[in-house]
Structures are given as C-alpha cells and as structure tokens.
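Have the viewer open as you read.

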Protein chains: 2
Amino acid sequence: MKRRFSPVSFAAVDLRGTFWRERIETVRARTIPAQLRQLQASGLIEPKPNQERHKTDLQKVRDAEAGRWLEAASYALASKPDPKLADQVNAIADALAAAQLPDGYLNTWFIANAEHERWTNLRDNDELYAAAHLIEAGVAHFQATGERRLIDPVLKYVDHIAETFGHGEDKKSGYGGRQGIELALSRLYRVTRDEKHLDLAAYFIDERGRHPHYFDMEAVTRGDETEHFVGRTYEEHQAHRRVRLQDKAVGNAARAVNMYAAMAELAGERGDASLKRACELLWEDVTTRHMYVTGAIGASRRNEGFGAPYELPNTEAHAETSAAIGMAQWAKRMLTLELDRRYADVMELALYNAALAGLSFDGTHFFRENPLASEGGQRRWEWHPCPEAATDIARTIASVGGFFYATAEEGLAVHLYGGGSTIANVGGRAIGLTETSTYPWDGTVSIVLDPEQPTEFTVWLRIPGWAEGATARINGVGTDVAGNLERGYLALRRLWHPGDTVVLHFPMPVTRVKAHPSVLAAAGRTALKRGPLVYCLEEADNPGATPDGLLLPPGARMTTSVRDDLFGGIVTVSGVGTMSRTDWAHDLYGPEAGGRPTTLTAIPYYLWGNRDEGKMLVWVRES
Amino acid sequence: MKRRFSPVSFAAVDLRGTFWRERIETVRARTIPAQLRQLQASGLIEPKPNQERHKTDLQKVRDAEAGRWLEAASYALASKPDPKLADQVNAIADALAAAQLPDGYLNTWFIANAEHERWTNLRDNDELYAAAHLIEAGVAHFQATGERRLIDPVLKYVDHIAETFGHGEDKKSGYGGRQGIELALSRLYRVTRDEKHLDLAAYFIDERGRHPHYFDMEAVTRGDETEHFVGRTYEEHQAHRRVRLQDKAVGNAARAVNMYAAMAELAGERGDASLKRACELLWEDVTTRHMYVTGAIGASRRNEGFGAPYELPNTEAHAETSAAIGMAQWAKRMLTLELDRRYADVMELALYNAALAGLSFDGTHFFRENPLASEGGQRRWEWHPCPEAATDIARTIASVGGFFYATAEEGLAVHLYGGGSTIANVGGRAIGLTETSTYPWDGTVSIVLDPEQPTEFTVWLRIPGWAEGATARINGVGTDVAGNLERGYLALRRLWHPGDTVVLHFPMPVTRVKAHPSVLAAAGRTALKRGPLVYCLEEADNPGATPDGLLLPPGARMTTSVRDDLFGGIVTVSGVGTMSRTDWAHDLYGPEAGGRPTTLTAIPYYLWGNRDEGKMLVWVRES
C-alpha cells in the first residue's frame with residue numbers, strides 16, 4: 001500500500017504563533033548571516049571559485065555545509081524578501097556552477113585537490129553525502145524562489161551520479177559510507193517526479209549491506225587494507241546487512257535515522273511492505289530502548305551512536321542535535337505511511353526539546369551535544385570544526401512549517417500546533433486552515449477551516465499522548481473526543497463551511513515522567529514535563545543549590561509561572577522539595593535524612609545554557 | 001605507636017549463642033567432611049603421598065586448599081573431640097611431611113611435577129600463596145591441638161623460604177604475585193615470637209612494588225616476555241608501587257585486602273606510622289567508594305577486583321566470598337591499631353552478610369560470587385574448580401570466635417555480640433566474660449564479668465553504628481551511653497566484682513538505607529536492614545511477584561515476624577508496597593501509576609538461594 005498522507009511543504013505554511021515565529025525570525029536575522037561569516041572564515045563556503053584551497057579531511061565535506069546553509073537561506077528568502085541575502089546565495093550558487101566539471105561532477109574539494117581520487121573511497125570520503133546536501137539545497141532554492149540557478153547544476157550532478165552508480169558493467173555498485181543521498185533524491189523526486197531520481201534512491205537503499213561488500217572491493221582496488229577505517233565496523237555505517245533485514249538500531253545515530261527516513265519515504269512512494277516493516281521494527285527499537293526523554297538519540301560518545309539498550313547516560317550523553325532532527329524527519333515520513341499519534345508525539349518531542357536545544361536564544365551559538373545533565377562549564381560554541389549541528393538546526397527551524405500538516409485524498413491532518421496557517425490541496429480543492437494559539441505555553445488551540453465552498457472532508461487533529469482530558473468544540477458545540485479518536489487523531493468528517501471553527505483544549509498540568517527501570521541513569525528520578533516541553537533545573541534559577549542536590553517528593557504539588565522577564569516570555573515550573581544531605585562524600589550508605597525545604601524552579605530544556613555555564617539537570621532526584 | 005589491642009584467640013572463645021553455634025556445628029558436622037571428600041575426589045588433597053599426580057594450573061595451588069581445609073578441621077577439633085577427623089588430619093599432615101624435600105621446600109605439585117621450576121615464576125605460580133596456607137594450617141593445628149605434627153614441617157619450610165628470599169647476593173629479592181604469606185607469617189610470629197618470622201613478613205611487604213620490578217627480572221631470567229601474563233598489569237597484583245605509598249584500592253580484591261590486613265598487622269607489631277597511614281587511606285577508599293551495602297567488595301567480574309569508584313553493579317557483581325572474609329580480617333587488624341567502631345561495624349557487616357552468604361544453610365553448597373540481585377537460575381554449587389570460597393568460609397566460621405574480643409593492658413573490648421564467653425588476660429589477670437543474647441535476632445545483650453577478684457579495668461562495649469538509642473544498665477542501674485562513648489565504644493572503667501552484669505539494649509527497628517547518589521545501581525532504591533543484617537527479597541517469600549517489580553513507598557511501615565518455620569528460626573521483615581506496572585517493555589517513559597498494593601517480605605541476605613533458584617534483590621525499588 002502506497003503512502004496515504006503527503007506533508008504540506010514548508011513553502012505553503014505560515015507560522016504566526018509566537019513560539020516558532022520568534023525562532024524563525026532569529027534564524028533569518030541572526031543565525032544565517034553569522035553562519036555565512038563563519039563558513040567563509042573557515043573556508044567551508046566560497047563566494048568565488050579558485051581561491052586558496054584547504055586540504056584537511058573536514059574540508060572534504062564542505063559542500064555539505066554550503067548546501068545546508070544555502071538550504072536555510074532559501075527558506076529565509078521564502079519567508080521574507082532580502083536582496084542582500086539573495087545576492088549572497090546567488091554568488092555561491094554561481095561559484096558552484098562554475099566549479100562543476102563538464103561531466104557533471106561537483107565536489108569542490110575533490111575538484112580542487114584530488115580529482116583523480118573521486119569516487120574511489122565511498123566508505124570514508126563522504127562525497128555522496130556532500131552531494132546530498134547540494135541536492136537538498138537545490139530543491140529548497142527552487143521551491144523557495146522558483147529560480148533554476150542552483151537546481152540546474154544539481155540536476156546535472158545527479159545525472160552524473162546516476163551514470164556512475166548502479167548495476168551494470170560500466171557502473172560502480174557502491175553506496176555512500178555516510179547516508180544522505182537517499183533522502184535527498186526522494187526529495188528531488190517529489191519536485192521532478194522523474195522516476196530516475198527515485199530509482200537511484202532505491203538503488204542506494206537496496207544495495208547497502210550486500211555481500212561481497214563494496215567497501216571491501218573498493219579498498220582492495222585502492223590497495224588498502226579492508227579492515228582499517230574510521231568507522232571500524234560496518235555496523236557503524238548501518239551497512240552490516242541489507243537494510244530491510246535490519247531490526248536493531250546500531251552505529252552512528254544521525255546517519256542511521258537519516259537512512260530510516262529515506263526508507264520510510266521509499267516505502268511510501270513504492271508501497272513497499274517489507275521496507276515499511278523494517279521501518280516499524282527499527283522505530284520500535286529506537287523509541288523503546290534508545291531514546292532520551294527529550295527525544296534525543298545517539299547516547300554514546302564513543303561512536304556518536306546508539307549504545308546498548310537502555311544505556312542513556314546523562315552528563316556523558318552525545319545526543320547530537322542532528323540526530324534529534326533526524327528523528328523528527330523520520331517521524332514525518334512514518335506519518336505518511338500511517339497516521340498514528342506515536343510518530344507525531346516523538347516528532348514534536350524531538351523538535352521542541354532535543355533539536356531546539358542546539359540553537360542559543362540569541363541565534364548565534366550552538367550545542368552539538370545535548371546532554372541531560374551538566375556538571376557546569378559547558379558553553380555553547382560560536383563555531384565548531386564539525387559545524388553540521390549548527391547548519392542543520394538553522395535549516396530545520398527555517399523550514400519547521402513543513403512538519404505541521406499533511407494531506408490525504410479525503411482530508412487534512414494537523415500534526416503540530418503553534419499558530420500556523422496553510423492552504424492545502426485536499427482532493428483537488430484548496431482548503432484554508434488557520435490555527436491560533438500560544439502553544440506550547442497554553443493548551444487552547446483555535447482552528448478555523450476555510451474551504452472555498454462547503455466541502456465534505458475529514459480533519460484529523462492530533463490529540464497529543466500527554467494531553468489527558470483533551471476537549472474539542474465545533475462551532476461552540478462540544479464533541480466526543482474519545483469516541484472519534486483514530487490512533488490518537490481526532491477524526492472530524494463533515495461538510496465544512498467557510499469559517500467553521502474547532503477549539504481544542506489540551507490540559508497542561510505539570511506531569512512527572514519516570515523511565516523504564518532498566519534506564520539506570522534515571523532510576524529514582526523524575527522528569528518534569530508540561531505539554532510537549534521537557535523541563536530542566538539550572539543553577540541560575542536555583543541559587544545556592546546544585547541541581548543534583550535537590551530532591552522532589554513524589555507527591556509534590558507543582559505550580560507554573562508566566563515569566564515575561566525570561567527569554568521573551570516563558571512558563572516556568574516550580575515545586576517545593578528539599579536539599580539533599582551534602583555529606584555523602586564520606587559516607588557510602590546511610591539514611592537520606594529529611595533536608596531543608598527549598599523551592600525547585602525549572603525552565604524548558606531547550607533554553608538551557610543561555611545564561612551561564614552552571615550546572616543543569618533534567619532527571620530530578622526523588623526523595 | 002605499637003598496637004594497643006590484641007585479639008583474643010578463637011581457641012579461648014566459646015560461642016554459645018544460637019546464631020553462630022548453629023553455623024559452627026554445621027561446618028563441623030557437614031561442611032568439613034563434605035569438603036574432604038570433594039578435595040580428595042578432585043585430587044587437591046591426598047591422604048597418601050606419591051599417588052597419581054595432576055598437571056593443571058589449578059593444581060599448582062592445591063596445597064592452599066589443603067591448608068585451608070586443615071585449618072578448618074583444626075578449629076573443629078578444638079571445639080569438639082573427633083577421633084575420625086583427627087585421624088584424617090594426621091594422615092594429611094604426615095603426607096605433607098613425607099613429601100617435604102630435605103632442604104625444607106614443600107609444595108606437593110612442584111615436587112611431583114616440576115621441581116626444577118620452583119621459585120622461577122613468583123608472579124604467576126602462587127607458590128608463596130600455597131605456602132601461606134600451609135603456615136596458617138600449621139599454626140591453627142598447633143593452637144587447636146598443641147601437637148607439632150604439622151607445625152614442624154611448616155617451620156622447616158619457613159626456614160627454607162627465609163633462606164631463599166630477601167636482600168643479599170645469594171637470595172632472590174622476590175615476593176609473591178598472589179599475597180597471603182605476609183599475613184600467615186605474622187600469625188606464625190604471634191605463636192613463635194621469633195623475630196625472623198616477622199622480619200620475613202616485613203620483607204615481603206616492603207619489597208612489593210619496588211623498581212626495577214622483580215617480576216620483570218625473573219621473566220627475563222626465564223626468557224619470557226615481561227608483558228604477557230594473566231594479571232595483565234601490576235595494579236592487579238597491588239605491585240604497581242611500594243605498598244606504603246598506595247592509597248587507592250586497585251586490582252584483585254581478595255588479594256588486596258589480605259595484604260592490607262598484613263600491613264595493619266605489621267604496623268601494629270612494629271609501631272609503623274607510615275604503614276598505618278597507608279592502611280587508613282586504603283580503608284577510606286574501600287569503604288567509601290568500593291564496598292557493597294552487604295560488606296562485599298570486588299565488584300568487577302573482569303578482574304575479580306575493584307572497579308571504578310561507586311561502580312557497584314547488582315546482578316553482575318563478583319563480590320567474592322573470600323574478599324568479604326578478607327574485609328573482616330582487615331577490620332580485625334585495624335581494631336588492634338585503634339578501637340574505632342567504624343572498623344567493627346564493617347567487620348560485623350561483612351561477616352554476617354557478604355561472607356556468610358557463601359555457605360548454604362545445609363553446609364554443603366557454596367557461592368563464590370555474592371551478587372546483590374539475581375535474575376534467577378543461580379544455584380549454589382557443591383564444588384567448584386576454584387574452591388577457595390568454600391574452604392575459606394569453612395575455616396572462617398569455624399574460627400569466628402576470634403573476631404569477638406580483644407584485650408589491652410588496661411581492659412577488654414567486645415567487638416561482636418552473639419552469645420560468646422571467654423577468659424581473657426587483662427594486665428596479667430584472668431577475666432571471665434559471659435555474654436548471653438539471641439543476637440542478631442534480638443538486641444538485648446547481657447554481659448557478666450567474672451574477675452577472679454575485684455579488679456579495676458575498662459570494658460569497652462561496641463555500640464553499633466546502626467543502634468540508635470542504645471541503652472546500658474550496670475547491675476540494674478542505667479548508665480549514660482552517649483557520655484561514655486569513645487569512638488563508638490561504651491567505655492566502662494570501674495572496680496569490677498565477680499558477677500557484675502551489664503545489660504545492653506540495641507533497638508532493632510527495620511531501617512532503610514540509601515546509597516551515595518553516585519552508586520547508579522542503587523539509585524531510587526532502598527536496602528532494608530535490621531540490626532547487623534541486610535535483608536533481601538526472594539521470590540519464595542513473594543509469590544506471584546518478581547522482586548524488581550515490587551515498590552516500597554518512602555514512608556512504608558515495616559514490621560517483623562519471628563518465623564520458626566524458616567531456617568531453624570529467623571526474623572523476617574515485611575511492609576506494604578505496590579506491584580510496579582508491568583508494561584514497561586513497550587514504554588520507555590511514562591508515569592509510574594499507583595499499582596496494586598501487596599506485601600513485601602524479606603529474609604536475611606545471607607540465607608538467599610537456599611530454597612530455589614528464583615530471583616533475588618537487595619536494593620528494593622522505591623515508589
């Protein structure tokens with residue numbers, strides 16, 4: 001069975017709510033210009049071709065950074081005209097086009113430094129990964145501006161790749177050590193509808209993990225040992241077995257979920273049941289054994305990847321920004337296969353918490369790692385030798401509207417809330433939808449439907465898993481939520497008239513979350529959540545205490561405060577707990593005597609690390 | 001400053017209380033005969049010399065097993081005449097004497113199999129360790145029977161060792177890879193008062209860890225690589241640096257604490273302040289960072305040794321019986337340096353819990369590893385290729401009276417309770433002491449002093465650290481406990497008349513113990529203790545539940561029951577808790593909803609694994 005739902009493009013979504021509007025504007029006004037300066041300063045992006053070349057390994061993937069920046073900049077251009085930015089984008093696009101070889105090959109580092117080595121080491125050189133981000137940039141730029149300046153060289157490059165890779169005597173039967181091209185080609189296919197593009201994505205997905213192993217064969221061709229490489233094992237590359245036989249999440253996490261998203265995309269386009277089944281098994285493994293309460297994944301610093309099941313350390317977490325973004329991208333694709341709240345709940349969780357934490361409030365500082373606790377001294381960086389996290393969160397926020405809505409033949413689904421509007425194509429009719437809310441700070445959401453004329457269709461409204469006791473009123477009349485729930489979505493099928501209004505109310509008490517008993521790092525601890533937001537204790541809000549020295553009794557009454565003085569206005573969470581005994585250092589065992597009462601105050605996790613380099617904690621100790 | 005207190009020998013102590021009396025009688029009647037059969041069957045002990053020889057590595061230390069069995073049998077002979085056992089002991093002693101070489105060397109495996117290799121690999125061959133246990137057996141046999149049949153060949157062997165090792169051109173400047181000889185020689189010195197014996201112990205202690213490293217030199221002499229050996233690093237052997245510079249517990253735990261005990265012994269005999277200081281620093285490290293709540297040590301299965309600080313896993317614990325016994329032995333020596341409750345508290349904890357768990361209730365089955373939780377399927381063994389744990393717990397229980405009392409010039413200290421009596425030499429006068437109690441089941445202890453005539457001296461009575469609100473009455477009159485406490489001992493100095501009676505009362509509520517927050521394996525969990533006993537949940541007492549699925553609320557009222565139907569009469573501990581949600585497997589995060597109320601029943605930890613192979617748990621989850 002083919003895909004049922006199609007996401008509504010970022011370009012068709014206008015986010016008016018305060019929450020995302022502010023982040024999108026910050027990315028446009030501050031992040032994108034700052035990143036261009038940083039990329040230019042570090043030689044990762046070049047307005048002119050043929051200037052001084054760089055030879056480091058990280059430079060090999062510079063086109064990926066350039067691509068992600070171009071992608072973010074394209075989204076920004078779509079949201080607001082900006083001639084200076086348009087000029088900058090055009091200069092870089094033109095430089096890329098000028099650098100392209102006659103046969104279509106387009107990797108600026110290899111062209112400048114090692115043209116003869118191109119496509120000789122797919123395992124380690126990440127050329128296909130760099131290509132992927134040029135493709136994504138080309139598509140975004142075309143969607144945002146309608147111009148062909150970037151997509152034309154990209155299409156030429158894709159033709160070259162299609163001629164180079166595949167089955168057949170004159171082709172290389174390889175695939176990239178680092179994934180990305182699979183999802184990028186699917187995205188290109190959505191715009192071009194050229195089957196060649198989807199076939200190429202399918203080839204890369206299906207070839208992966210086949211034996212004898214291409215990475216071994218190309219190593220032998222180069223005269224290299226087959227066993228010595230950075231990734232160490234093919235599990236790290238998710239290339240240990242054919243992907244549709246994979247059912248356990250292994251290896252580098254950001255790359256894994258990017259590939260899982262591409263698998264879900266292909267499963268939907270082709271109606272591929274075995275690929276869908278693999279996605280479901282992998283989803284089950286990741287979300288029930290490897291995911292942080294913030295939606296982050298990739299716990300292990302050793303390989304920036306998945307650890308053992310339930311191995312989710314707090315301070316030592318890797319939990320990369322890009323991996324959380326990848327979770328949201330994967331969830332978005334799973335939702336096209338099946339409208340099921342569990343996918344949207346994780347998408348929201350990852351976006352509003354683990355991913356968003358990667359960008360500072362001021363828009364110019366970044367976290368690559370997003371641990372759930374800090375002993376202090378952790379500072380967001382202005383730039384990083386691996387800037388992927390920075391460019392990735394910029395392009396994601398700039399296009400976050402693309403996660404909100406999806407259409408099917410028979411209706412329109414709303415996955416996320418936060419003040420968005422769109423005009424969606426439902427069965428050939430343009431349906432306007434305007435959502436008004438201050439979500440996630442408040443749980444009241446008003447949705448006005450605007451078909452051009454009265455039309456019968458279904459509106460599926462996600463009732464978040466955390467929203468116990470949610471209510472809905474249609475034009476002021478209460479409707480039965482529980483009775484109309486389809487896998488967590490309130491399904492409202494009726495003849496909709498222009499101006500029909502649904503008001504949803506999601507109660508947002510502060511809830512306390514426990515972890516599976518096998519998560520040792522969360523044993524005896526509780527996480528505070530309100531709505532989709534995970535909260536954390538920071539020293540700044542709890543002066544005189546260290547977060548790990550604060551204990552919360554099981555039944556503590558939690559209160560909320562609207563704090564306009566913090567970060568432009570947020571809701572904080574408080575409760576009365578106690579200070580832990582502080583003399584443990586000389587005592588391995590003893591009673592946890594009742595400590596001095598004190599108030600614990602928590603802020604949304606995504607805002608941590610913006611005020612100082614103090615300690616932080618998500619999993620609060622229970623008394 | 002030299003040692004202040006001297007332990008009262010096992011031979012002078014009669015344990016009448018039900019608790020130890022039963023265990024000692026079980027060891028005498030069941031364990032010692034069963035072990036002799038097992039040792040003979042596996043060729044580790046031989047009533048006649050020159051029978052079939054064995055060549056495995058484990059056989060190299062068979063004299064250590066023989067020595068520990070002879071030691072246990074000697075204690076049994078002291079407690080009760082047993083002509084058959086005496087004949088068996090004599091036959092083995094005679095066989096050892098017959099095997100001894102003319103120069104005094106006495107290792108039956110090397111004599112039979114590889115005489116030319118003797119003393120060529122001190123690092124790996126454990127000859128000095130085997131010698132240690134022959135020495136301990138010789139001393140015990142002499143103390144128990146007054147006979148010289150075993151101690152004479154031992155003394156001849158010690159002369160040979162003293163001629164072989166030490167400084168000087170004609171000597172080997174080596175020491176044993178596996179410790180034991182240091183403590184054994186100190187014990188021999190206590191009986192012989194021959195300075196040569198203590199000098200040799202001091203030599204082995206001081207030579208250890210000196211550079212250039214003897215283990216390297218002897219490897220070069222053998223023509224071996226210096227770097228490939230079982231222990232892998234000299235830290236594993238506590239030979240990485242001079243022992244008096246060591247302040248962190250590293251390596252194999254049982255061997256480490258045996259050495260620390262020898263260091264404390266030597267510090268006391270010689271008034272060696274720097275050695276005492278090293279002992280104190282190591283004690284601090286072990287007891288505040290590496291010790292289980294049961295008194296067990298040696299958490300790591302990798303090296304049967306100390307892990308990282310606070311690394312105290314439950315199901316995966318190594319926690320060897322012999323290491324817990326070593327803790328008690330070390331504590332006993334620390335108490336000779338300084339009468340301080342913290343040493344006696346750990347001694348009691350290790351003896352009554354971690355060590356005692358090594359012997360089954362029926363006396364013929366053993367645990368070598370003593371984890372704090374079991375997923376089920378763990379069965380005590382009748383015999384083991386490394387039977388050290390079995391012979392070690394037998395000799396320890398058979399001589400447990402030796403841990404109870406100590407004398408100083410000015411008085412008599414009582415470390416442990418449980419119905420013991422002794423006649424101790426205090427400043428040259430014989431002082432009788434008879435303690436009556438059903439401790440540890442009940443906290444009321446009556447002590448009658450019986451000097452031959454009215455005598456002024458001090459009685460130090462340990463008030464256990466757990467005994468909050470302890471009271472004392474002398475001849476019926478209450479006395480101020482807190483005001484007369486010296487480092488946790490109630491110091492009663494007065495003119496004692498024959499028949500003077502002190503009645504101590506130690507309240508024994510069920511207490512709940514928490515671990516240092518860095519002990520992840522105990523986070524959100526509580527251990528139940530009553531008096532000196534640590535309790536555990538077993539499936540047998542909690543039908544229909546798995547121990548790790550039971551939650552105890554923080555304020556749960558705990559009750560005790562005298563259960564004459566269990567293990568000859570014990571006290572169990574119960575409280576009302578809840579059954580945990582059982583659907584975690586498909587849910588990584590969620591509320592810990594209030595479960596079905598249920599009663600939790602716990603038994604003393606030392607008795608676990610005697611009824612079935614069900615699950616067991618010490619650290620109970622808190623709700």
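## Strands and the chain contact

In chain B, strand 9 (residues 455-462) pairs with strand 13 (residues 489-496) in the antiparallel sense, over 8 bridges. Strands here are DSSP runs (E, at least two residues) and helices are runs of H or I with at least four residues, both numbered from the N terminus; two strands pair if DSSP finds at least two bridges between them. This is a predicted model, in which local features need pLDDT of at least 70, side-chain atom pairs count only at pLDDT 80 or more, and totals for chains, interfaces and linings use all residues. Residues are numbered from 1 along each chain as its sequence is written, chains are lettered from A and ligands numbered from 1 in the order in which they are written, and side-chain values use heavy atoms, with hydrogens and water left out.

Strand 13 of chain B also pairs with strand 12 (residues 485-486) of chain B, antiparallel over 2 bridges. Their hairpin has 2 residues between the strands, and B:Arg487 takes a positive phi near 45° there.

Pairing also crosses between the chains: strand 21 (residues 589-590) of chain A runs antiparallel to strand 15 of chain B, joined by 2 bridges. The table gives some residues that stand opposite each other.

| Residue | Opposite residue | Strand of the opposite residue |
|---|---|---|
| B:Thr455 | B:Trp496 | strand 13 of chain B |
| A:Tyr589 | B:Ala515 | strand 15 of chain B |

How are the two copies related? A rotation of 180° with 0.0 Å of shift along its axis superposes chain B on chain A, with RMSD 0.0 Å (least squares on the C-alpha atoms of residues with pLDDT of at least 70 in both). That is the relation of a two-fold axis. Within chain B, B:Gly524 has the C-alpha nearest the axis, 1.6 Å from it.

Contact (heavy atoms within 4.5 Å) takes 34 residues from chain B and 34 residues from chain A. The copies meet through the same surface, because 100% of the interface residues of chain B are also interface residues in chain A. About 2500 Å² is buried between the chains, and carbon and sulfur atoms give 64% of that; buried area is the accessible area (1.4 Å probe) that two parts lose on being put together, summed over both. On the side of chain B that touches chain A, helix 12 (273-289), strand 15 (510-515) and strand 21 (589-590) each supply at least two residues.
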